[in-house]
Amino acid sequence: MQSIGTSERLPEPRIAHIVSRFPVLTETFVLYELAAMERLGVVVELYPLLRARPKVTHPEAWAWIKRAHYHPFLSFSILRAQWHFIRRDPVAYFKVWAEVLRGTWGSANFFLGAIAIFPKTVEFAYDMTRKRIAHIHAHFANHPAVAALIVHRLTGIPFSFTAHGTDLHVDRHMLKEKVEAAALVITVTSYNKQIIIDECGPGVGAKIHVIHGGVDVGRLSPTAKGQSRGPFRILCIARFEEVKGHTYLVEACRLLRERGVSFECRLIGDGPLLPAIVEQVTHARLSNQVLLAGARPYQEVIEELAQADVLVLPTAPTASGKREGSPTVLKEAMACGLPVVASRVGGIPELVDDDVTGMLLPPRNAAALADALQRLSGDPALRQRLGRAARQKVVREFNLRTSTAKRAELFLRSARAVQIERTSVSGLPSANSQVVVLP
């Protein structure tokens, strides 16, 4: 416990998290980071911009769904919140509207999205003030960061955001304004940090923290594999969209079959390009070797990893600018002691060391992918060496508990400054409150 000059103590800070939508099957890093944050003693309030209703939901998400602050786009409480801020300071309220509309102009996605989320974000601001939120963190540099900026402008509550991948790479409208207004910025790769500096200027570098997203290395652990378990097992876990590069993996499988390699390739996931991949598999007459297993909850994903010999993510940058940041599925596979084969793009080289913890290949190169898989299929010792080193790297550098503790420390430092400022204005809180000790 830490004294602030008397027997009175600061209350435990409350941290708000704003996310695009919740729950999202493929965004396990959000779900498990929230849980890890609370295990460290941080009080978290969750504010999704949209409620997602996926066909498959991780069981751990249900507790968060019940407590999340979901709001429609318009309601009586939302109108009440607008009136509250208009009555309190009409100039400030309409100044924020003007800033957001001006900053997002030129991007249909950002501009229309800002108009849609602004009213409910004002309700967030009203609710966060009542709950005495001391810091706001937005997952993703796009719409959630805009929402956090709006709340900050209306309430003065400091905010931060994490830049992951596509949210930063595709559209950087208002990035400079968000970075300059934020108390701090987190990014999951040094690659992303340089993008932000290039866009916003070298002066912002000091407030950008590179904190790798982590995975639960206790739950994800290597499984002993027998020596003869049938065909070589290839696993790909990814949403079916262009950036994930499924088409190159299917073509690599066609080449493996031509070369006489015995294999089974399992594709886990769902998405808009699934019908096209099904057609490609059928046309290549690979239905007996390439199996599409659909979306799966997390425990079943772990079981798939336990049965695989290699995890493949043949991601490829798209014309719109989509590219990977630091894919969670690679970390999960590496934590399970699997060798990984991935494209040398974005932040992936910061995670995968070529021929040390996995194999890095040029994107859109099915032949190179087939060569790497054929090499791994015929060399169990190589698979074991890469998988062992992969596990060691994730435990050392991509551990969920460690990475979450770093984030929590930054949030709590910001929150404590707010608490001290509030205390100096309104007097000390009750003696029953407890101080939060930074990790």
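I'll start with W83, which sits in helix α3, residues 76-88. Helices here are DSSP runs of H or I, at least four residues long, numbered from the N terminus. W83 is exposed, at a relative accessible area of 51%. Exposed means over 50%, buried under 20%, and partly exposed in between, with a 1.4 Å probe and protein chains only.

Two remarks on the source. This is a predicted model, where local features need pLDDT of at least 70, side-chain atom pairs count only at pLDDT 80 or more, and totals for chains, interfaces and linings use all residues. Residues are numbered from 1 along each chain as its sequence is written, and side-chain values use heavy atoms, leaving out hydrogens and water.

Next, the aromatic rings. Rings of Phe, Tyr and Trp (its six-membered ring) pair if their centres lie within 6.5 Å; planes under 30 degrees apart are stacked, over 60 edge-to-face, and the rest tilted. That rule gives seven aromatic pairs. Y32 and Y298 make a tilted one, with 4.9 Å between centres and 40° between planes. Y32 is in helix α1 (residues 28-39) and Y298 in helix α12 (residues 298-307), so this pair ties together parts 266 residues apart in sequence. Y32 counts as buried, at 14% relative accessibility; Y298 does too, at 5%.

Y93 and F118 form an edge-to-face pair, 6.0 Å centre to centre and 85° between the planes. Y93 belongs to helix α4 (residues 90-104) and F118 to helix α5 (residues 108-130), 25 residues apart. Both Y93 and F118 are buried. Together with F94 and W97, Y93 and F118 form one aromatic cluster.

Technical notes: Helices (H or I, at least four residues) and strands (E, at least two) are DSSP runs, numbered from the N terminus.
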